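Open the model in your viewer and keep the sequence panel beside it. Each stop below says what to select and what is there.

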Amino acid sequence: MADITTSAADKKEKEYFTEVPQQAPGFFLKGSHQYDWGLKNRLSRVFDPKDGRTVMLAFDHGYFQGPTTGLERVDQTILPLAPYADCLMLTRGIQRSIIPASTQKAIALRASGGTSMVSPFEEWEGELDGKPFKMSRPGFEPLSNESTALTIEEAIRLNASLLAVQVFVGSAYERQSLKNLTDLVDGASRYGIGVMGVVAVGRAMARNAQYFRLATRIMAELGANVVKCYYTDEDFETITSCCPVPIVIAGGKKLPELDALKMSYNAIQQGASGVDMGRNIFQSDAPVAMMQAVRGVVHEGLSPEQGYEKYQDLKSQG
Ligand code: 5RP
């Protein structure tokens with residue numbers, strides 16, 4: 001109708017660009033090229049399309065640890081770090097109570113839970129040779145007895161890009177935690193939300209490349225879109241190589257800042273797609289400086305030493 005009513009003088013010529021073939025671009029993120037639009041768009045909020053990498057800030061520790069050191073007041077300690085993160089990994093309780101709904105950051109929402117630091121070990125009590133006995137069952141990691149901890153409707157309400165689920169390969173609750181993963185993948189994939197499988201390490205589980213290859217690959221095969229695991233000094237590149245989806249590393253226990261930057265750098269050099277780091281940032285002497293130094297190593301091509309220099313400069317500026 002508009003064409004008919006517009007006068008000939010005002011009319012812009014139609015241009016069909018018949019000589020220009022429409023592009024069919026691929027997708028920047030490992031293993032993600034055949035996903036649907038919504039999921040790709042959400043993953044593009046977590047991973048920067050310019051370099052395919054991410055700096056995720058993990059502060060969901062309270063879901064089993066309560067007020068972890070550095071997270072006693074998330075409003076005071078974490079909100080100043082948020083501008084330097086690509087993605088915030090957190091629980092729904094903290095998201096609703098503390099994180100401004102105006103944030104532009106991607107959300108990775110903790111979606112498994114149900115146990116705590118003080119969950120009792122599974123024990124047998126009985127009688128042996130007429131005497132009472134008590135015995136704990138090896139492999140029954142109390143923390144591994146998790147369930148899924150939110151519905152997909154809740155994830156949509158909270159505008160999550162990723163759901164994080166802990167997986168305990170090798171524990172007595174392995175099957176249950178893998179079922180948590182596949183249930184979340186089934187639910188989340190209906191709505192184009194991603195799932196990140198988090199490799200858990202317990203007393204019975206070795207922190208070596210052999211274990212991480214097994215656990216990360218199982219999670220990817222069962223549908224995780226992203227996998228989080230720890231860095232290993234030996235053969236880390238074999239873990240990233242045989243995992244068909246992006247791997248991000250957890251920071252683990254607090255290290256000296258330079259060591260944490262070296263670990264981030266090495267992980268990226270050996271095929272990781274980023275970090276999902278908590279304690280090494282929010283327990284640092286200068287968390288805002290450390291956050292920017294990690295960002296420098298992951299996104300700006302800084303060496304660990306250059307990152308450390310940046311940390312010290314920013315720290316000295318207060
Ligand atoms: C719990 C988690 C944590 O969010 C995360 O691994 C902790 O990060 P960091 O080890 O860097 O403090 O997934 O297992």
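**Stop 1: the ligand shell**

The shell around the ligand holds five nonpolar, six polar and two charged residues. In this sorting, Ala, Val, Leu, Ile, Met, Phe, Trp, Tyr, Cys and Pro are nonpolar, Asp, Glu, Lys and Arg are charged, and the others, Gly among them, are polar. Select A58, A250, G251, G278 and R279: of the 13 residues around the ligand, these come nearest. Being near means that a C-beta atom, placed from the backbone, lies within 6 Å of the molecule or strand.

**Before moving on**

This is a predicted model: local features need pLDDT of at least 70, side-chain atom pairs count only at pLDDT 80 or more, and totals for chains, interfaces and linings use all residues. Residue numbers start from 1 along each chain as its sequence is written.

**Stop 2: the whole protein**

Colour by secondary structure. The protein has 13 helices and twelve strands. These are DSSP runs numbered from the N terminus: H or I of at least four residues for helices, E of at least two for strands. Of the 318 residues, 42% are buried. Buried means 20 or more other C-beta atoms within 10 Å of a residue's own, exposed means 12 or fewer, and partly exposed is in between, with C-beta atoms placed from the backbone.

**Stop 3: α12 against α13**

Select residues 287–299 for helix α12; its axis and that of α13 come within 8 Å and cross at roughly 155°. That makes α12 roughly antiparallel to α13. Angles under 35 degrees count as roughly parallel, over 145 as roughly antiparallel, 65 to 115 as roughly perpendicular and the rest as oblique. Axes are lines fitted to C-alpha atoms, for helices over the stretch in contact, with angles from 0 to 180 degrees between N-to-C directions.

**Stop 4: α10 against α13**

Now select helix α10 (residues 257–269) and helix α13 (residues 304–316). They pack at an angle of about 140°, with axes 9 Å apart. The two are therefore oblique to each other. E257, L258, L261, K262 and Y265 of α10 touch P304, G307, Y308 and Y311 of α13. Contact here means C-beta atoms, placed from the backbone, within 7 Å. By class, this contact has six nonpolar, one polar and two charged residues.

**Stop 5: Y308**

Zoom in on Y308, in helix α13. Is Y308 buried or exposed? Y308 counts as buried, because 22 C-beta neighbours lie inside 10 Å. Beyond its neighbours within four places in sequence, Y308 contacts E257, L258, L261 and A293.

Note on methods:
Contact = placed C-beta atoms within 7 Å.
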